[in-house]
Amino acid sequence: MKLFDVYPLYPIELTKALGSKVWDKNGKEYIDLYGGHAVISIGHSHPYYVQKLTEQLKNIGFYSNSVIIPGQEELAEKLGKLSGYESYQLFLSNSGAESNENALKLASFHTGRKKVVAFSQAFHGRTAGAVAVTDNPSIVAPVNDTSHVTFLPFNQTKDLSAIDESTCAVIVEGIQGVGGIQVASEPFLKALRKRCNEVGALLILDSVQCGYGRSGKFFSHQFAGIDPDLITTAKGMGNGFPIGGVLISPKIKASYGLLGTTFGGNHLACAAANAVLDIIKEEKLVENAAQKGDYLLNELKGFKGIKELRGKGLMIGIEFEKPVAEIRDALLFKHQIFCGYAGKHTLRLLPALNLDKETIDRFLESLQQVLQ
Ligand SMILES: Cc1ncc(COP(=O)(O)O)c(C=O)c1O
């Protein structure tokens, strides 16, 4: 059998990883400023994380949601405290798309409405409900109903009248990732909160990419001081172990059977997610993301060939005058540095949150050489 060929691959096979470094099968070392697509939050193979997962697997790796799984309670408590959403409820799933899917369903169940408002350049995942609110027709199949979705321009506060009494949810990223690291402005998020309150719609903050400390706050919308009704997370939550979650306002009531999943919140997934939160707290990684992000953005300001710098914390977009593909490839193949990209001109940095100054300086030096 052949693999279904949907991914353009780098000719690199990684066999080892530690912190912000990865090694290929020939022992060649690379710096990882991509974090496997914003997934590696606490660094690769963190010893505490490895220990906690190993211990859990030796005891029990999986059982379904038909029994008490103590790691779920522990996770809800830790996440509530660290994120500042102690009064919210937690539903666990396996991915970002699933988290958004469940948030949209909850908004629709709660309001009894169908219309959803999303924004230009948004990416929310590839499952039916999530892809319908994603602004990319090329990944929407005819089977995915989009008739209930209205797209508005991102970051524009002027006319939000399309959010009306038939709207169940407004879904927005605090920082658009796939859209090229576009930060939702404080006035924009405040206007969305206000308009949702006026018409009784629920506000969903997709924090799958900008969440979990990456922006320098636990969730990036916290810069705007708003409280969403639903917050979705995944990616950095398990540092590579698949887990997603929806933080749910206390005003939304649960009932048996309303949501469900086989794998979501299993023993091993919770061990991973709890270890991640322990390390984020212990090593002050939210603060580190803020400091190192500031340093990196400030240093980049002097570089020639950069059109625009965007982002917060360690979620950084560098838009270049020239196409990004050649810059990205030179960084990877000549300087052994993995970076992400968005669109044709933007380099996307999504490193581990414990990134150190030495690694940043190595990147800055390499980028300077590439741009010469
Ligand atoms: C903002 C956002 N939401 C949702 C998703 C989908 O997450 P997953 O690929 O885990 O389904 C992504 C993935 O890149 C994302 O960036």
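Predicted model: local features only at pLDDT ≥ 70, side-chain atom pairs only at ≥ 80, totals over all residues.
Local features need pLDDT of at least 70 and side-chain atom pairs count only at pLDDT 80 or more, while totals for chains, interfaces and linings use all residues. Residue numbers start from 1 along each chain as its sequence is written.

**View 1. The shell around the ligand.** Here 14 residues surround the ligand, each with its C-beta atom, placed from the backbone, within 6 Å of it. The closest are Ser95, Gly96, Ala97, Gly125 and Val208. Helix H4 (residues 96–111) gives the most to this shell, with 3 residues; helices are DSSP runs of H or I, at least four residues, numbered from the N terminus.

**View 2. Helix H2 meets helix H7.** The axes of H2 (residues 47–59) and H7 (residues 267–282) come within 9 Å and cross at roughly 155 degrees. Axes are lines fitted to C-alpha atoms over the stretch in contact, with angles from 0 to 180 degrees between N-to-C directions. So H2 runs roughly antiparallel to H7, the label for angles over 145 degrees. Contacts (C-beta atoms, placed from the backbone, within 7 Å) include Tyr48, Leu53 and Leu57 on the H2 side and Leu268, Ala272 and Ile279 on the H7 side.

**View 3. Helix H9 against helix H10.** Now it's H9 (residues 324–333) and H10 (residues 357–371), whose axes come within 10 Å and cross at roughly 130 degrees. Ile327, Ala330 and Leu331 of H9 meet Ser366, Leu367 and Val370 of H10.

How values were computed. Helix = DSSP H or I, 4+ residues; strand = E, 2+ residues; numbered from the N terminus. Parallel < 35°, antiparallel > 145°, perpendicular 65-115°, else oblique. Contact = placed C-beta atoms within 7 Å.
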